[in-house]
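Dear colleague,

I am passing on the structure below for you to look through, and after it I set out what was found. Please read the notes with the coordinates open beside them.

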Amino acid sequence: MFNSVFSAVGDDHLLRLALAMAAMSLLVTVGLLVQVLSLRVLASRANRRQAEVAARWRPVLVAVAAGETLPQPPLPSAQRVPLMQLWAQLQDGLRGPSHERLVALAAALGFGQRARRWLHSVRDRRRVLALAVLAHLAEPRDAAALQPLLDDHEPEVSLLAARALLRVDSAATCAQVLDRYLQRPDWPLAQVGTLLMRAADPRSAAMLADRLDRADAPALLRLLPLVGVVQGPETDAAVGRLLQRASDPEVLAAALALARGPEPQDRVRELSRHADWRVRSAAAQALGRVGGQLDRRELVSLLSDPQWWVRYRAAQTLLGLPGFDAVDQQALAAGLHDRFARDILAQVQAEQRLQASGTAP
Amino acid sequence: MMPSLDTVIDAGQWLFFAYFVGLNAMYIGLNLVALRVIGRDRALQQLDQGPVYGAGLEPGISLLVPAYNEAATIVASVRSMLQLDYPDFEVVVINDGSKDDTLLALREAFDLVPFPEAYRVAVPVQPVRSVWASPQHPRLRVLDKANGGKADALNAGINAARHELFCAVDADTVLQRDSLRRIARPFMEDARVIACGGTVRVSNGCVVEQGWLRRVGVPRNWLARVQIVEYLRAFLFGRLGWSPLNALLIISGAFGLFRRSHVIDVGGYRPDTIGEDMELVLRLHRAARARRLPYRIVFVPDPVCWTEVPEDLGVLRAQRMRWQRGLLESLWLHRSLLLSPRAGTVGWLAYPAMLVFEALGPLIEMTGYVFMALCFALGLMSGTAFATFMLLVLGLGLMLSANALLLEELSFHLYPRWSHLRTLALSMLVENLGYRQLNTWWRLRGTWTWLRGRPAVWGEMQRKGHAR
C-alpha cells in the first residue's frame, strides 16, 4: 500500500519527504495514543491492586501498631510493593512503640531484604521506596549501604538517604548533612531544615555553631536560617560573635533576625543606625527581643526613618514593648511631628487592634 | 515565464515545508525536555515519600487580586483564597475603580472597616482612595483605587504587599487548596528563583462550588473541549520545556509568583501594555542578564489553578487577537534581547523561536495555506501534492497533541474517566482540523490591528462555573 501511495507522488523529492514525514507522524500519533491507553490500563490495575491491599492490610497494620494481633492475609508477590508503600506511609505518622511494632512486622515480611536489593535499582521508584523503608527500619547495618547515596546526583535521592542515615546515626549524619548542604546548592533549605528538626539531635546546635564561626558570607546566608530550627545556647553565642565580626549587610540582617538575649544589645543598638536600611529594619525588630525600655528613644527616632520598612518594624517593636500601654501610645502620637511617623504608628495600632479582635490565625 | 513560476512554486513549497518542520522540531525538542522533567518527578510524586516541609521555613506570600466589576464572583473567590493551605500569606484585593458593587460586596461579606494604611509608593500608581481591613480575617485587606487597568492594580498591590513574594491572581481564577505550596516550592529549593509560573487548566465542565474545584470534568461545548487540549500543549510542554533552559518568556497572568524586590527594581508592571504578564517576565530576564545576576525564572507543571475559557467564538476571537497583540508588543519592547551577546538562552533560543513561530507564525502559516490553495486552484500544484502537504500539517499537529495527552497521563492524570480520554482524543482531531487554522486567522488579524495601532477589544464573557 505504501508503495502505491509513494508512487503516486512521483519523483518529487520534496513530496516524497513530506509524505514520509506525514506517514511517520501519523504512526507516532497512533503509537502515542496506544501508550496513553496502556498507561491508563496499567494505572487502573495498579489502583485496583492498591485498593485491594489497603482493604486487606490496613486493618492488620493498624491492629499491629495498636499492639493487637490479627491473622495476616496471604501476600502474593504482586502485592508486595503496594503493601510496602502503605506500610511506609503509615509509619510516617507513627512514633514510639507503635512504630516499633510495625518495624517488627516489616522484618517478618522481609521488607528489609527487599529494600536493600532495590537500593541500587535503576528504577527511581524502587530506590525511593527502598530508602523510605530503610529510613523507618533504621538498622545500623544499613549505614554503609546508604552512605554513598548521600552523594547521589539526584537531590531527592540524596535527601532521602540523609533522612534514612539521620535515623540510623543522627550525630554522625548531622555533621555530614550540614557540610553537604553547604556544598550542594540543590539541597533546599526547607527540606534540610525539616530533616534536622525531625532528627532533633541536641548536638546539632553545636555543629551548626561551629560552621557559623568558619563560614563566609554566601555560606552564612544559607546556614543562618537553620538556626531557627536547631537553636541552642551554642548557636545564640555564634550569632552574637557573628554580629560583632560581620560586615555584609545581608548577613547582618539575617543574624539580627536571630539575635536573642541581652549580650548583643549594644551591637544591635549600634546597627540600628547602619547605612543599609535592611540592617536598620532587622535591628528595629531585634530591639524588641534583646532591648528594653532604654531603647524607646532609639525606636521613636526610627519611626522617622526614610525607609517604610524601618518605620514599620520600629512601630511594631515599640507597640510590642512590655508596659507600653494605651496612655504611652497616645502621648507618643501627640508628640510626633513627622507625618510619616504618625501614619505608620496609626497603621500598626490599627493592625494590632485587628489582630486582637480577629478570629482567624 | 513558466520555468520561473515553477521555481517560485518550488521555493514556496520548500519554505512552507521548512517552516513546518522547524516549528515541529522545536516542539518535539520541548516535548523531550518536558518528558524528562515529568519522568524525573514521577517517582516521588506517586510515592509521596519526599522529605516533607514543616520546619516553618516557608516564605510569606502576598496574594494580589485585581478586581474590576467582579461583584458577582469576588466574595466566593476571596473566601476560597483565605482557606488556602499555606502557613504564612495575606490576600490583598485591589478594587480597580469598579463600576459595579465589587467593593460593597466585599465590605458586606467580610465586615470590612476603614484601615489607616501608611501607603508606600514603591511603584507609581493611580490614587488609592481607601484601604479596608477585616476584623474577622486579619489576612485580608482591600484597596480601593481609581481605575488604571490590571497592571496598575497589581502595582498598587505590590506597594501594599507585606511579604517578599507576591502572587498575582485573577479574581475569577479557581485555585486548589495546595496551589501556594506547589508554586512556592521552587523558591524554597533554589534561592536564585525570582519568578515561577504553574499550569493553568480549563475549568469548563468541572464542578466548582464556593470558589473551589470539586470535580474535574470535560465540558459539553466543543470549543472549550478543544481548548483543553490546546492548554495541555501550551503548558505541559510549551512552557515546561523552556523552564530548565531558564528561557521561560511567559508566566500566566492568572497565577504567577514573583519576588517583589526584583519586580520593584524593574519598575513593576507596565500599565500601557496589553500583555503585562509576558512583558514583565521579559523585563525581568533583560534586567537580570544585563546585571549578570544569577537568577532563574521557572515553571512547575503542577495544576495550580483553573480558569474558565470562552465557549463563544466572538469572545475567543477577541481573546486570541488580544493575546497576539500582547505578544507582539512585548517582543517589540524587548527587541534588544534578540541575539544579544548577554541574553543567553533567552536571546538566542526562546526569543527567536517566539518571534518566528509565535509572532510571525500566523503570517507564515496563513501565507502557506493560501499559497498552497491558490497553486492547487490554479492547477499549478497537483491534488496529490496539496493533499500530501495538508496531511503533513495534520500529522505533525496530531502527534504533538497526542504527546500532550501522554504527558498529562504520565504526570497528573486529572481526567480519570475513559469517556474523558475519548473526548480529548476527538478534540485533538478538531483542534488540528479547523480550530488551529481559525486561530491562525484570528492571530493574523491581531497582528494587523497591532500594526495599525488600534485599541484592543476585550469581549464580554458569560461565566458559568462559579455560579454553583
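**Two loop residues with positive phi**

Ala138(A) is found in the loop between α6 and α7 (143-146) of chain A. Please keep in mind throughout that this is a predicted model. The phi angle of Ala138(A) is near 50 degrees, which is a positive value in a residue other than glycine, and Ala138(A) is partly exposed, its relative accessible area being 26%.

**The interface between the chains**

How many residues of chain A are in contact with chain B? There are 64 of them, and they touch 60 residues of chain B. Between them the two chains bury about 5,500 Å², and 71% of this area lies on carbon and sulfur atoms. On the side of chain A, the residues that lose the most area to chain B are Leu14(A), Arg40(A) and Leu354(A), which together account for 14% of what that side buries.

Arg40(A) also takes part in a salt bridge with Glu409(B), in which the closest N and O atoms are 3.0 Å apart. The count of salt bridges between chain A and chain B is two, while the rule for polar contacts finds nine residue pairs across the interface, with both residues at pLDDT 80 or more. The elements of chain A that give two or more residues to the side touching chain B are α2 (13-65), α3 (80-92), α6 (124-137), α8 (155-168), α10 (189-199), α18 (308-320) and α20 (339-357). The largest share of that side, 19 residues, comes from α2(A). Sorted by class, the side of chain A that touches chain B has 41 nonpolar, 13 polar and 10 charged residues.

**Nonpolar cores**

The largest nonpolar core has 161 residues, and those with the most contacts inside it are Ile61(B), Leu63(B), Val93(B) and Phe258(B). Helix α12 of chain B, residues 383-411, gives the most to this core, with 15 residues. If the neighbours within four places in sequence are left aside, the residues in contact with Phe258(B) include Phe166(B), Phe187(B), Ile194(B), Tyr269(B) and Leu284(B), as well as the charged Glu164(B).

Val174(B) lies in strand β7 (residues 174-175) of chain B, and it counts as buried because its relative accessible area is 1%, where the limit is under 20%. The C-alpha atoms of Val174(B) and Leu248(B) are separated by 24 Å, the two residues being 74 residues apart along the chain.

**Salt bridges**

A search of the whole structure finds 45 salt bridges over all chains. In one of them Arg273(A) pairs with Glu298(A), the closest N and O atoms being 2.7 Å apart. This pair links distant parts of the chain, since Arg273(A) is in the loop between α15 (265-271) and α16 (277-290) of chain A and Glu298(A) is in helix α17 (residues 296-302), 25 residues apart. Are the two partners buried or exposed? Arg273(A) counts as exposed at 55% relative accessibility, whereas Glu298(A) is buried, with a relative accessible area of 16%.

In chain B, Arg214(B) forms a salt bridge with Glu209(B), with 3.4 Å between the closest N and O atoms; Arg214(B) is partly exposed at 47% relative accessibility, and Glu209(B) is partly exposed at 36%. The side chains of Glu279(B) and Arg283(B) likewise meet in a salt bridge, at 2.8 Å from N to O. Both Glu279(B) and Arg283(B) lie in helix α8 (residues 276-290) of chain B, four residues apart, about one turn of the helix, and both are buried. Finally, salt bridges that share partners join Glu351(A), Glu90(B), Glu117(B), Arg141(B) and Arg162(B) into one network.

With best regards

Notes
Residues numbered from 1 in each chain as written. Chains lettered and ligands numbered in written order. Predicted model: local features only at pLDDT ≥ 70, side-chain atom pairs only at ≥ 80, totals over all residues. Heavy atoms only, no water. Contact = heavy atoms within 4.5 Å. Buried area = accessible area lost by both parts, 1.4 Å probe. Salt bridge = Lys/Arg side-chain N within 4 Å of Asp/Glu carboxyl O. Polar contact = N/O pair within 3.5 Å; in protein donor to acceptor, adjacent residues only side chain to side chain. Core = buried A, V, L, I, M, F, W, Y, C linked by side-chain atoms within 4.5 Å. Buried < 20%, exposed > 50% of the residue type's maximum accessible area, 1.4 Å probe, protein only.
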